[in-house]
Amino acid sequence: MYSVKEPDAGTPERKSSEQVTLEIDGRAVTVPAGTSVMRAAADAGVRVPKLCATESLEAFGSCRLCLVQIEGRRGYPASCTTIVEPGMKVKTQSDPLAKLRRGVMEMYISDHPLDCLTCPTNGNCELQEQAGVVGLREVRYGFDGANHFKQAEKDTSNPYFDFDPAKCIACSRCVRACEEVQGTFALTLQGRGFESKIASGNTDFKSSECVSCGACVQACPTATLVEKSIVERGQPDHSVVTTCAYCGVGCSFRAEVKGSEVVRMVPNKDGHANHGHSCVKGRFAWGYATHKDRITKPMIRRSIHDPWREVSWDEAIAYAASEFKRIQAEHGRGAVGGITSSRCTNEETYLVQKLVRAAFGNNNVDTCARVCHSPTGYGLKTTLGESAGTQNFDSVEHADVIVVIGANPTDAHPVFASQMKRRLRAGARLIVIDPRGIDLVRSAHVEAAHHLQLRPGTNVAVINALAHVVVTEGLHAESFVRTRCEQPAFDKWKAFISDPRHAPEATEEITGVPAAELRAAARLYATGGNAAIYYGLGVTEHSQGSTMVMGIANLAMVTGNIGRPGVGVNPLRGQNNVQGSCDMGSFPHELPGYRHVSDPAVRALFGAAWGVDIDSEPGLRIPNMFDAAIGGSFKGLYVQGEDIAQSDPNTQHVFAALESLECLVVQDLFINETAKFAHVFLPGSSFLEKDGTFTNAERRISRVRKVTPPLAGKADWETTLALAEALGYPMQYTHPSQIMDEIARLTPTFTGVSYARLDELGSIQWPCNDKAPGGTPVMHIDEFVRGKGKFVITEYVATQERVNRKFPLILTTGRILSQYNVGAQTRRTANNTWHDEDRLELHPHDAEQRGIKDGEWCKIVSRAGETVLRATISERMQPGVVYTTFHFPGSGANVITTENSDWATNCPEYKVTAVQVSPTTEPASKWQRRFGEFSEQQDALLPQSDPR
Ligand code: SF4
Ligand code: SF4
Ligand code: SF4
Ligand code: FES
């Protein structure tokens, strides 16, 4: 039988330059100082029996099963808590040890239900296994006395796992996993000795602090904590290593499969981004892949008011191609375009942009990164020379000061947040710059040294004030700047930033951040040791998003916090493959590897490889496509895996644009909001159904491996190939590995990347080439990619979106742990248990002034539109600022966001919308009612075989 248990050395690996040699059962073994005897034994090939120890957790020493004998020492010390010493002589097997271990095991078994044959973990239970290892053959004690299993009640409240205390051996692995790995501290071991029991506070799991990361389930050696999917479907028979398709952390998982059905996703211990940890989305929320809403047959229709007609793949592809050709013949080559997805693989994204450039013959390709991290690309390329984060995640373990700006890692990047919190618990100091009191500001054993609770839209004023303090107080890294940065640009910037108008005292009124607090934060960042900045969409989704990214780079350069572990500028990417979709040439002005289409040499390279002439004019960005569609010059669009109707700002404008198209081809898993305007629907394949790669926020390329066959018969890359062929541009690939080989041939930062190399190394951080054959965890070490770092003037310009008497509040938006992006995947899972609607969060003062009660409906009106949401009153907000998530299409969050955007990249200003909020008894706005009716009409047009 396939074993779900991976080899486990019992205690964590230690890193030390000092080596210790000892003898175990007569065998010499050398290990780093600080290693446990248990781990040293494992290194020597000797498995000491154990129950409470596991290598992902610090040793606890409670079960007494791992006893050993050590020459010169009295008694029988526990090998998991005993640290190696030079010359130690350890004996792991002897008659007294065997007897002791059997005695211990006998006690456990006498208090355990003997229902192995019907237990969900039968065959993969550590207690069962260890009973065999120690040779327990009989239990002398009866089962009549006091025991736990008779009274204990099961807790089945969590939608993904059960807790059956009858089977608990009080080993505390779950408690320690929750503390050490996840950092949530939701579990406790209550009572002592026989009375010991595990509790999730004074409530059930669902109502507790638990965030359903699954670390405790993973750690449990018995069936006490076990996945419902395993209870319902049984144990897996094989597994496939793949990469999570949710956020930009890019966790590696073992997809465990029974037959052709996934029964569990287990975080991969060898995953370089997650080291065996996961969050509720990747670990449990994969059921969407087989949800009944999946559309598995291609469909076409002439008009969006016609019923959909299920057709063969050939007919759908031929129809889409003929429509694109007709539109180009009638309206010109530039009348069509494509949108790539940050949820699709690198190979798929590469193919879509290649199709647009080679088969459509224009550069009208854009990606959803337009609406999230395009300013990161622009800002970091300009200042540092590369459109990507500078560090690997593990770098945070060397940080002394961590700055989190406009990001909410515990919700949006949970596994990295756990790693960051571990570092904070170990003593690193934290600065949070955010309008909202995110969890990191104060949570179990973590507290920010400074929370700069700025007003939305004033980021640049804050970053300038921080840099002003550094420069004017002489805290800058002179020699770093002198040797690593462009001197004239620095001199100019220094004069600019030293101006008293950037002083915290001068900006306090604009930003709302007390000057003394800001000064203290600046001093800590500049002088507190290694300082690392992590930022998110709260930085980029502003009219000055690119300016802010450059301001961050300026601050990192002026303090010398670039180019070594523990420092750097780190964008936390929202979706799984935002980095990759940008790398693959998804922007209308750049070919793969961020090379401008206006460069003749670059065009010649790709043109020769693809056998076409590449247009030298940058194509349309998404907002330009919308405007051109409404204006009548843009008529056809191929959208792969994106829901622009829900995710782009000013929904009514987007709807109008989509309605104007003559041919909208949507390739997706579900009829999403965009597909309701489509003429051709091409069924997509989930991440479980295809091969490819994703690139996470740390530039890490990881394999996505096919676990089950594509439900609709084609993987997404095959669909794009078919469309290209029908357009008259056949591409010759028989496997995604060949697409990656082409990417590597044409892209200098990917030269050394291949599927074989990825299989060998597990994952690779680009650049990967002759200079860095193993990849590049930390960038800009000796010099910046652009040579010298460039300081850029970052003048603060207030957004046009001003509050006034009519719109006195600022609305800002964000994510929640259990839902993901437009929610198309997570809304189709039990994650709705925690968040089944978007709500408006507002400060008690603002609520009281308006007579708004918690849980009641309130109307939100902006200059762009209005919507109705339920209110949540929360002290997390500052007065004057309200907040919502955007995971449900009917919420209409983007009906109220405006068309303002970043000056350099058009990234929408989602984070600042002036609004008024008032109580209402109507649960829907006019738009929401219209939207509801339209959705119902569209549902009715679906073929009968797909009722919803
Ligand atoms: S699932 Fe995660 S958060 Fe919840 S109790 Fe277990 S370890 Fe803690
Ligand atoms: S629930 Fe599992 S991990 Fe936790 S104490 Fe009980 S047996 Fe150990
Ligand atoms: S942290 Fe991100 S990548 Fe990791 S499991 Fe969660 S959603 Fe997936
Ligand atoms: S494994 Fe060492 S005491 Fe439990």
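In which loop is the place of Ser278? I looked this up at the outset and found Ser278 in the loop between strand S11 (261–267) and H7, where helices (H or I, at least four residues) and strands (E, at least two) are DSSP runs numbered from the N terminus.

Before going further I noted that this is a predicted model, in which local features need pLDDT of at least 70 and side-chain atom pairs count only at pLDDT 80 or more, while totals for chains, interfaces and linings use all residues. Residues are numbered from 1 along each chain as its sequence is written, chains are lettered from A and ligands numbered from 1 in the order in which they are written, and side-chain values use heavy atoms, with hydrogens and water left out.

**Entry on Ser278.** I recorded Ser278 as buried because its relative accessibility is 2% (buried means under 20% relative accessible area, exposed over 50%, partly exposed in between, with a 1.4 Å probe and protein chains only). Its side chain reaches the backbone oxygen of Cys213 at 3.0 Å, a polar contact being a pair of N or O atoms within 3.5 Å; within protein, one must be able to donate a hydrogen and the other to accept it, and residues adjacent in sequence count only if both atoms are side-chain atoms. Leaving aside neighbours within four places in sequence, I listed Cys213, Phe253, Pro267, Arg283 and Val415 in contact with Ser278, contact meaning heavy atoms within 4.5 Å.

**Entry on ligand 1.** Around ligand 1 I found Phe161, Cys178, Gln182, Leu187, Phe205, Cys210, Val211, Ser212, Cys213, Gly214, Ala215 and Cys216, taking a residue as near if one of its heavy atoms lies within 4 Å. Helix H4 (173–182) and helix H5 (215–219) each supply at least two residues of this shell, which by class has 9 nonpolar, 3 polar and no charged residues. For these classes, Ala, Val, Leu, Ile, Met, Phe, Trp, Tyr, Cys and Pro count as nonpolar, Asp, Glu, Lys and Arg as charged, and the others, Gly among them, as polar.

I then looked at Ser212, which is in the loop between strand S7 (197–199) and H5 and has a positive phi of about 55 degrees although it is not a glycine. Ser212 is buried, since its relative accessible area is 1%.

**Entry on ligand 3.** The residues surrounding ligand 3 include Cys244, Cys247, Cys251, Cys279, Lys281 and Val415. Helix H7 (280–284) and helix H12 (414–425) give two or more residues to this shell, and I noted its division into 9 nonpolar, 2 polar and 1 charged.

**Entry on Thr507.** I located Thr507 in helix H16 (residues 504–511) and recorded it as buried because its relative accessible area is 5%. The C-alpha atoms of Thr507 and Thr458, 49 residues apart along the chain, are separated by 9.3 Å. Leaving aside neighbours within four places in sequence, Thr507 is in contact with Ala461, Ala465, Arg501 and His502.

**Entry on backbone geometry.** The peptide bond from Trp766 to Pro767 is cis, with omega near -5 degrees, and I placed Pro767 in the loop between strand S30 (763–765) and strand S31 (809–814). For Asn906 I noted a positive phi, near 70 degrees, in a residue other than glycine, and found this residue in the loop between helix H29 (893–896) and strand S36 (913–919).
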